[in-house]
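Let's walk through this structure together, beginning with the surroundings of its ligand and then moving out to the fold and its core. Keep the 3D view open as you read.

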Amino acid sequence: METAFDMFYETEVPEEELIVSRADFSGKITYVNETFADISGYEPSELIGQPHNVIRHPDMPKSLFTDLWDTIKNGDVWHGYVKNLRKDGGYYWVYARVSTVMKDKKPVEYKSVREPVSREKATEMQDLYDKLRSEEEGTTRVVLYINNDKLKAAQALEE
Ligand SMILES: Cc1cc2nc3c(=O)[nH]c(=O)nc-3n(C[C@H](O)[C@H](O)[C@H](O)COP(=O)(O)O)c2cc1C
């Protein structure tokens, strides 16, 4: 028997490690470090050459990314809180800085370095992004709490 819901787990971002990626001007991933691959649940080879929105989480408002691209195209540094989607459907929160990589004074690509986010901040940003998305798209995020005993019973039926 199948349970009629999916469960998505949050992955903790380790304090001492930075999550790094680079992308070309069209947003295609050109490099990821090992931590990026580990946290997102992909192999580096599955990410290189993919558009960076492979890890876009549906909870992220569109306007954040419009602002990101406007800012970096302008040569400025964008920073902000991002909820990212793991390959297994789970998610992780990061504080990201996105900027231009310069070579011989010319822009060659973009890079992003990300750090962990506190639980309080992630909750605050989730609320804010829910509001923004509701304004932008007219959609509402629904969260379902399930009693642990009922969940265990449903899982036992599955086995
Ligand atoms: C260097 C760099 C890093 C990025 N990192 C992320 C990221 O971690 N998560 C994400 O959802 N989008 C990231 N983006 C933005 C994506 O390119 C994309 O704009 C976003 O996922 C929204 O998808 P959409 O433009 O197809 O709507 C990054 C862009 C650049 C240039």
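Five elements each supply at least two residues of the shell around the ligand: strand S1 (19-23), helix H3 (62-73), strand S3 (78-85), strand S4 (91-103) and strand S5 (106-115). Of the elements, S5 gives the most, with three residues. Bear in mind as you look that this is a predicted model. In total, 17 residues surround the ligand, and the closest are Gly 27, His 52, Asn 53, Arg 56 and Ser 112. Sorted by class, the shell has nine nonpolar residues, six polar ones and two charged ones.

Now step back to the whole chain. The protein has five helices and five strands, and from the N terminus on they run β-β-α-α-α-β-β-β-α-α. Along the principal axes, the C-alpha atoms fill a box of roughly 60 × 35 × 25 Å. Of the 159 residues, 19% are buried. Among contacts with a separation of 6 or more, 49% are between residues 24 or more positions apart.

The largest nonpolar core has 20 residues, and Ile 72, Val 94 and Val 98 touch the most other members. Two or more residues of this core come from each of S1, strand S2 (29-32), helix H1 (34-40), H3, S3 and S4, with S4 giving the largest share, four residues.

Neighbours within four places in sequence aside, Ile 72 is in contact with Trp 78, Val 98, Ser 99, Thr 100 and Tyr 110.

Conventions: Residues numbered from 1 in each chain as written. Predicted model: local features only at pLDDT ≥ 70, side-chain atom pairs only at ≥ 80, totals over all residues. Near = placed C-beta within 6 Å. Nonpolar A, V, L, I, M, F, W, Y, C, P; charged D, E, K, R; others polar. Buried ≥ 20, exposed ≤ 12 C-beta atoms within 10 Å, placed from the backbone. Contact = placed C-beta atoms within 7 Å. Core = buried A, V, L, I, M, F, W, Y, C linked by C-beta atoms within 7 Å.
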